[in-house]
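I opened my notebook and looked up a handful of places in one structure. My entries follow in the order I made them.

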Amino acid sequence: MAEAWLKALFRNHYRRATLSIPNIERREIGMLTMENVVLRHKSFPSIDELRRACISEPPLGLYYSVAYYERPDERDMEAKGWQGADLVFDIDGDHLDTESCRGMQLLNLKCLDDAREEALKLLDALRNELALNGEPVYSGHRGFHVHVRSKEVMDLTSAERRRLVDFLTARNLDLAKLETRVGKRTVKLYQEEPVGSLLRIFRGLHDGNYFIKIDEVVTTDVHRLIRAPGSLNNKTGFITLPLSQSDLERDAEYILNKAIAFTRGEVYVKLKERVGEVLGVRIDREQTVLPLYLAIYLYLQGKAEILDVEGGRRRG
């Protein structure tokens with residue numbers, strides 16, 4: 001069972017949190033309880049009702065469906081009445097083959113910056129190559145989500161979403177037949193001189209940097225649950241944070257600082273193993289006082305035991 005102190009902190013967050021779930025009444029809501037039990041097929045008529053539920057029994061993780069349903073609380077997926085789905089992309093730092101991300105265990109700012117650059121690349125391709133506007137969100141852990149909610153993507157099937165993934169990642173590339181569909185539109189990309197999408201892909205053929213690296217399963221799954229913006233990430237305690245374009249153009253440290261939910265207080269902890277430097281803080285002692293947000297992060301990562309939740313004093 002989760003510690004009472006963690007439950008109290010999460011409850012306080014949801015008392016003041018700004019949760020962002022458009023058309024919540026048509027979404028399936030999922031929760032990860034403090035006991036690590038996954039609850040699905042829940043439905044709420046409003047954000048206020050969801051907030052009250054999160055205050056009553058604060059979840060360790062909070063999710064909502066990318067899909068819209070007639071009956072989102074039905075347990076039988078066929079009986080839900082699928083009405084379409086947002087187009088969602090997930091960029092995760094531990095999937096990037098960069099020097100900073102390769103073999104990463106604990107979050108580091110350099111890897112988060114690599115994921116941020118990938119998200120910017122994706123937003124640019126969506127806007128300039130497909131005429132789609134994406135809304136970036138920091139996941140609260142190692143990466144970023146991008147949501148597209150325009151009507152023309154709502155009815156895309158899994159197969160059509162797979163074609164979009166193939167286009168963005170340049171899989172099965174046939175330069176003589178390079179085109180993709182967005183709703184009822186066909187976007188043709190082949191030209192004599194490489195420009196726009198074709199220029200990005202040609203460059204990618206040389207060094208790979210222009211192929212966008214996304215978690216393909218997330219994009220193609222039309223029933224996927226995604227973290228709710230404004231909720232706390234169960235692996236870090238950081239906020240799943242909606243971002244503007246200008247936010248995303250700042251560095252990772254700026255974004256992470258905005259995502260810290262618990263900015264005050266210190267906690268006495270005992271490390272279960274050596275961790276070295278974590279998010280810019282050097283930790284050399286087995287037992288030490290840490291900022292509350294960092295102690296929560298290491299606790300949720302299974303790296304630390306909390307000795308005193310009242311402050312920097314050891315009990316007894």
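**Entry: Lys 303**

I began with the side chain of Lys 303, which makes a polar contact of 3.0 Å with the side chain of Glu 273. A polar contact is a pair of N or O atoms within 3.5 Å; within protein, one must be able to donate a hydrogen and the other to accept it, and residues adjacent in sequence count only if both atoms are side-chain atoms. The model is predicted, so I note its limits: local features need pLDDT of at least 70, side-chain atom pairs count only at pLDDT 80 or more, and totals for chains, interfaces and linings use all residues. Residues are numbered from 1 along each chain as its sequence is written, and side-chain values use heavy atoms, with hydrogens and water left out.

Where does Lys 303 sit? I found Lys 303 in the loop between α10 (292–300) and β17 (304–308). Helices (H or I, at least four residues) and strands (E, at least two) are DSSP runs, numbered from the N terminus.

Is Lys 303 buried or exposed? Lys 303 counts as buried because its relative accessible area is 13%. Buried means under 20% relative accessible area, exposed over 50%, partly exposed in between (1.4 Å probe, protein chains only).

I then listed contacts of Lys 303, leaving aside neighbours within four places in sequence. Among them are Gln 105, Leu 106, Lys 270 and Leu 298. Contact means heavy atoms within 4.5 Å.

**Entry: Asn 234**

I moved to Asn 234, in the loop between β11 (225–227) and β12 (241–242). Its relative accessibility is 13%, so Asn 234 is buried.

Which side chains make polar contacts with that of Asn 234? I noted Tyr 63 at 3.2 Å and Arg 227 at 2.9 Å. Not counting residues up to four places away in sequence, Asn 234 also touches Leu 32, Leu 60, Gly 61 and Leu 300.

**Entry: the active-site record**

I checked UniProt next. An unreviewed entry there places the feature "active site" at Asp 90, Asp 92 and Asp 215. These three are spread over 126 residues of sequence, yet they cluster in space, with a largest C-alpha distance of 7.2 Å. Asp 90, Asp 92 and Asp 215 are also in the lining of the largest pocket. UniProt positions are given in the numbering used here, feature names are shortened, and annotations may be inferred rather than shown by experiment.

I wrote down what a pocket is. On a 1 Å grid over the protein atoms alone, a pocket is an open set of points where a 1.4 Å probe fits, with protein on both sides within 12 Å along at least five of seven lines; lining residues have an atom within 4 Å of a point.

Asp 90 is in strand β6. Asp 90 is buried, because its relative accessibility is 12%. Beyond four places in sequence, Asp 90 touches Phe 144, His 145, Ile 214, Asp 215 and Val 218.

Asp 92 is in strand β6 too. At 17% relative accessibility, Asp 92 is buried. With neighbours within four places in sequence set aside, Asp 92 is in contact with Arg 142 and Gly 143.

**Entry: Gly 143**

Gly 143 has a relative accessible area of 1%, so I marked Gly 143 as buried. How far is Gly 143 from Asp 90? The two are 53 residues apart in sequence and 7.5 Å apart in space, C-alpha to C-alpha. Not counting residues up to four places away in sequence, Gly 143 touches residues including Leu 112, Ala 115 and Val 137.

How many disulfides does a search of the whole structure find? I found one. A disulfide joins Cys 101 to Cys 111, S to S 2.0 Å. The cut-off for a disulfide is a pair of cysteine sulfur atoms within 2.5 Å. Cys 101 is buried at 1% relative accessibility, and Cys 111 is buried at 0%. The link is right-handed, with 110° about the S-S bond.

Asn 108 caps the N-terminal end of α3, with a side-chain oxygen 3.1 Å from the backbone nitrogen of Lys 110. After α3 comes Ala 131, whose phi is positive, near 55°.
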